[in-house]
Every structure is written in C-alpha cells, then in structure tokens.
Amino acid sequence: MTTTQHEYETRLSWPVSSDAGSTGGGVRGYSRDHEVTVPGVEGSLAMTADPAFRGDASRLNPEQMLVAAASSCQMLSFLGAAARAGVDVVGYADTAASRLLLQEAPARLDTLRLDITVQVAAGTEEGVVQDLARQAHEQCFIANSLAIPVELTVTVDPV
C-alpha cells in the first residue's frame, strides 16, 4: 500500500523562562525566545525573532528556518535523484539566502536563492548534474509549497 500523505507535527512553547515578561507591558515588555520540539525527536530548537524585531541573535528565527528548510529539501531531493541515476556525488554545499521585504504589503520574503556546489566523481558530465538539480527542484516539497520563487545556481566540481 502506498502512503498518499505524511503528517508533520511540531510543538512550540513560550515563555521558556520565568523572566520572559508578558505582552501586558507592550511590545518591549516580553521575550521573543521560544522552544520548538518535535514528538519523538530528541532535543529542541531554541528560537526567537530576528534581532531587528527584538530577538536574540544567538537563536534561530523563523525566516532562517524557512531558508534552511528549502536548502535541505533541495539537497535531499538532489541526492535521491543522483542515486537513482547512478551519479556518484561525493560532496554537496549550499549557501541559501533570501531577504525580508518590509516595504511590501504584506511584508514577505523575497526570492530564495540556493548557490549550490556539487562535487562529483571525475568523468561525470556536468549537464547530467545540472539536469538532476532541475529535477530535484521540481520534486522538492518545500519549494513546491512556497509562494516565493526558489532559484538555483549549480556549480559542478569534479574531484
């Protein structure tokens, strides 16, 4: 039997300490720090708002998590496509970036860019790797779920 859907659950809690304040004191009166857990997964994510919105720069923020999710999904989709095609990938690195456009109504993230370097075994055709990256992008669940464009730049590095 093929599963046609998968369910995902996270749990978020705030405050994480007794000195977190409250919203009763206005926008400057409370901590943005919160914890996210996933049932069955050890540990938690220490999260906050972007530092521009009174968050703690030492914690992850939702915008970073969205960018990271798109990057991770692209890599996992690509590695699966490469394995199915018999392409020997020995390394993968990505610098992913987006911008928060506050002047837009509503404010939103801009185009998400993935700058990917794929290390492959010597003799691997670059065109094959580029095609696999495009296929992976078309199959990436996160990119397919976003309302913003996700653009790829793929550099192939034979080793």
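This is a predicted model: local features need pLDDT of at least 70, side-chain atom pairs count only at pLDDT 80 or more; totals for chains, interfaces and linings use all residues.
Residues are numbered from 1 along each chain as its sequence is written, and side-chain values use heavy atoms, leaving out hydrogens and water.

View 1. Helices (H or I, at least four residues) and strands (E, at least two) are DSSP runs, numbered from the N terminus. Look for the bond between W14 and P15: this peptide is cis, with omega about 0°. A20 has 6% relative accessibility and counts as buried; buried means under 20% relative accessible area, exposed over 50%, and partly exposed in between (1.4 Å probe, protein chains only). Not counting residues up to four places away in sequence, A20 touches W14, P15, G29, Y30 and S31, where contact means heavy atoms within 4.5 Å. From A20 to P62 there are 42 residues in sequence and 19 Å in space, C-alpha to C-alpha.

**View 2. R54 and A57 in the loop between β3 (45-47) and α1.** Most residues other than glycine have a negative phi, and most peptide bonds are trans. R54 is partly exposed, at 44% relative accessibility. A57, in turn, is exposed, with a relative accessible area of 65%. Ten residues in sequence separate A57 from M47, and their C-alpha atoms are 9.6 Å apart in space.

**View 3. The cis peptide bond from A105 to P106.** Here omega is near 0° for the bond from A105 to P106. P106 belongs to the loop between β5 (100-101) and β6 (108-109).

**View 4. Helix α1 and what its buried residues pack against.** With 24 residues, α1 reaches 34 Å from its first C-alpha to its last, close to the 34 Å expected at 1.5 Å a residue; the expected span is 1.5 Å times one less than the number of residues in the helix. Which residues of α1 are buried? They are V67, A70, S71, C73, Q74, S77, F78, A81 and A82. Their packing partners are β4 (89-97), β7, α2, α3 (141-145) and β8. To take one of these residues, S77 has 12% relative accessibility and counts as buried. Leaving aside neighbours within four places in sequence, S77 is in contact with R84, A136, Q139 and C140.

**View 5. Helix α2 and its buried face.** α2 covers residues 126-139, 14 residues in total, and reaches 20 Å from first C-alpha to last, close to the 20 Å expected at 1.5 Å a residue. Buried in α2 are V129, Q130, L132, A133 and A136. Seen down the axis of α2, these buried residues fall within an arc of 160°, so they line one face of the helix; the arc is that of the directions from the helix axis to the C-beta atoms. Their cover includes α1 (62-85), β7 (112-120) and β8 (150-158).

**View 6. Where α1 and α2 cross.** How do the two helices pack, and at what angle? The angle between α1 and α2 is about 125°, and their axes are 8 Å apart; axes are lines fitted to C-alpha atoms, for helices over the stretch in contact, and angles run from 0 to 180 degrees between N-to-C directions. α1 and α2 are therefore oblique to each other, given that angles under 35 degrees count as roughly parallel, over 145 as roughly antiparallel, 65 to 115 as roughly perpendicular and the rest as oblique. The crossing of these helices is right-handed; a crossing is right-handed if the near helix is turned clockwise from the far one by less than a right angle, and left-handed if anticlockwise. On the α1 side, Q74, S77, F78, A81, A82, R84 and A85 take part, meeting V129, L132, A133, A136, H137 and Q139 in α2.

**View 7. A143 in helix α3.** A143 counts as buried, at 13% relative accessibility. Not counting residues up to four places away in sequence, A143 touches H137 and V150. A143 and Q74 are 69 residues apart in sequence, and 7.9 Å apart in space, C-alpha to C-alpha.
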